[in-house]
Amino acid sequence: MGIPLGVEDYRRLARRRLPRIVFDYIEGGADDESGLARNRHALDALLLDPARLTDVSVRKQAISLGGKPADAPLVIAPMGLNGACRPDGDVALARAAARAGIPFTLSTASNVALEDVARRAGGRLWFQLYVVHREHARALAADYEALVLTTDVTVNGRRERDLRNGFAVPFRLTPRIVLDASLHPAWTVRQLRHGLPTLPNVEAGPGGDASVQAALLQRRMDAGFCWDDFAALRDAWPRRLYVKGVLNARDAARCMALGADGVIASNHGGRQLADLPAPVDVLPGIRAAIGEATLMVDSGFRNGRDVVKALARGANAVMLGRAVLYGLAARGEAGVDDVLAMFKADIDRTLALIGCPDVALLGARLHG
Ligand SMILES: Cc1cc2nc3c(=O)[nH]c(=O)nc-3n(C[C@H](O)[C@H](O)[C@H](O)COP(=O)(O)O)c2cc1C
């Protein structure tokens, strides 16, 4: 393959560079993976409505997000085990986000401690909280500007690829996995040099909680977490609080009534339950329910045209998941830089081609 021209090229490179078990962990969807396909179909089905003879000699994609400027309507989504993709993957993603002028969301299940990411990467940092891990004081102390509460992992989704491959954390070195690793020597040498990924945000030790770590390792969440707990979390966290995994106007309105700063329409990239709507399809209803509040979306976004469509449907910004991981797996930090630059260039070109000088003016620019 020559120079990667888009996210699909990076996906192919990532598939080559990663052991099958790691690529499948990133790529896989829940159940029969029909949710993955639905996320893409929903975006592909939307068409744009160009306004001709509009002055687009100057175009703006910078926005205000969470009360601060962002250079593009993009955020890096929280992803656990980025270190399986590349050692120090969390720091690489955070640094690339900082360079691109967009926020980075660190997962509870990151492989670099949240304090170390803050110290080494800088930039705008958000912290994602799984409900098993109600302790957020560290994120506050380390100056994370927002908390993203993930609500769609009451239990772990059923991912057949992971079941077939024997994917588990900590990694079990079965003969098949050793063979898989030996076929990907560059990945294996990097991992061996660095040591296999751990979960330092929830590590047992002084102040750590062994039961929380065990639960997170097995992705056993607190399925009892409900609205009262959310209200308590809202009281306890003084900065921005976004709720991730919302898929209808009813829940979005309730989040806002309880003091959320915004919601993220998401089906976890199709990784939890196949039979859920594509988030881009629920945007208009949620927008109507929450007025001007911050509305973000993710799941299936692979180019800037997708982003423009979501903004035209009412989103303020899009979270990128697998797209940036492909860049990370293929070329490390430089690959993430490149993927983010491609998104920005794509957004800019699309604005020009539909006659829209500013992403803030995208409302009602969809065909039909
Ligand atoms: C490898 C991987 C790990 C993920 N881990 C988390 C996580 O720890 N917390 C979370 O809220 N979402 C997690 N997600 C979901 C993402 O935040 C996001 O919702 C999803 O990736 C968006 O879909 P996309 O990958 O199609 O862009 C993960 C997604 C992937 C691909």
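How many bridges join S5 to strand S6, and do the two run parallel or antiparallel? Four bridges join them, and the strands run parallel. This is a predicted model.

- Strand S6 spans residues 146–150. Its Ala 146 is the bridge partner of Trp 126.
- Strand S4, residues 104–106, is joined to S5 by three bridges. These two strands also run parallel.
- Helix H6, residues 114–121, belongs to a unit with S4 and S5. Together they make a right-handed β-α-β unit.

**The largest nonpolar core**

- The largest nonpolar core has 117 residues. Ile 76, Val 117 and Tyr 144 have the most contacts inside it.
- Helix H16 gives the largest share of this core, with 14 residues.

**Leu 340 in helix H16**

- Helix H16 runs over residues 322–353, and Leu 340 lies in it.
- Leu 340 has 2% relative accessibility, under the 20% cut-off, so it counts as buried.
- Which residues does Leu 340 touch, not counting those up to four places away in sequence? They are Ile 76, Ala 96, Ala 97, Ala 100, Ile 102, Leu 320 and Val 324.
- Leu 340 and Gly 304 are 36 residues apart along the chain. Their C-alpha atoms are separated by 9.5 Å.

**Cysteines**

- How many disulfides does a search of the whole structure find? The search finds zero.
- Cys 226 is in no disulfide. The nearest cysteine sulfur belongs to Cys 255 and is 13 Å away.
- Cys 226 counts as partly exposed because its relative accessibility is 40%, between the 20% and 50% cut-offs.
- Cys 356 is buried, with a relative accessible area of 1%.

- Leu 53 is not a glycine, yet it has a positive phi of about 55°.
- The loop that holds Leu 53 lies between helix H3 (34–45) and strand S1 (63–65).
- Is Leu 53 buried or exposed? Leu 53 counts as exposed because its relative accessibility is 92%, and the cut-off is over 50%.
- His 268 is not a glycine either, and its phi is positive at about 60°.
- The loop that holds His 268 lies between strand S8 (262–265) and helix H14 (279–290).
- His 268 is buried, with a relative accessible area of 12%. So Leu 53 is exposed, whereas His 268 is buried.

Conventions: Residues are numbered from 1 along each chain as its sequence is written. This is a predicted model: local features need pLDDT of at least 70, side-chain atom pairs count only at pLDDT 80 or more; totals for chains, interfaces and linings use all residues. Side-chain values use heavy atoms; hydrogens and water are left out. Two strands pair if DSSP finds at least two bridges between them. A crossover is right-handed if, with the strands pointing away from the viewer, the path from the first strand over the helix to the second runs clockwise. A disulfide is a pair of cysteine sulfur atoms within 2.5 Å. Buried means under 20% relative accessible area, exposed over 50%, partly exposed in between (1.4 Å probe, protein chains only). Contact means heavy atoms within 4.5 Å. A nonpolar core is a set of buried Ala, Val, Leu, Ile, Met, Phe, Trp, Tyr and Cys residues joined through side-chain atoms within 4.5 Å.
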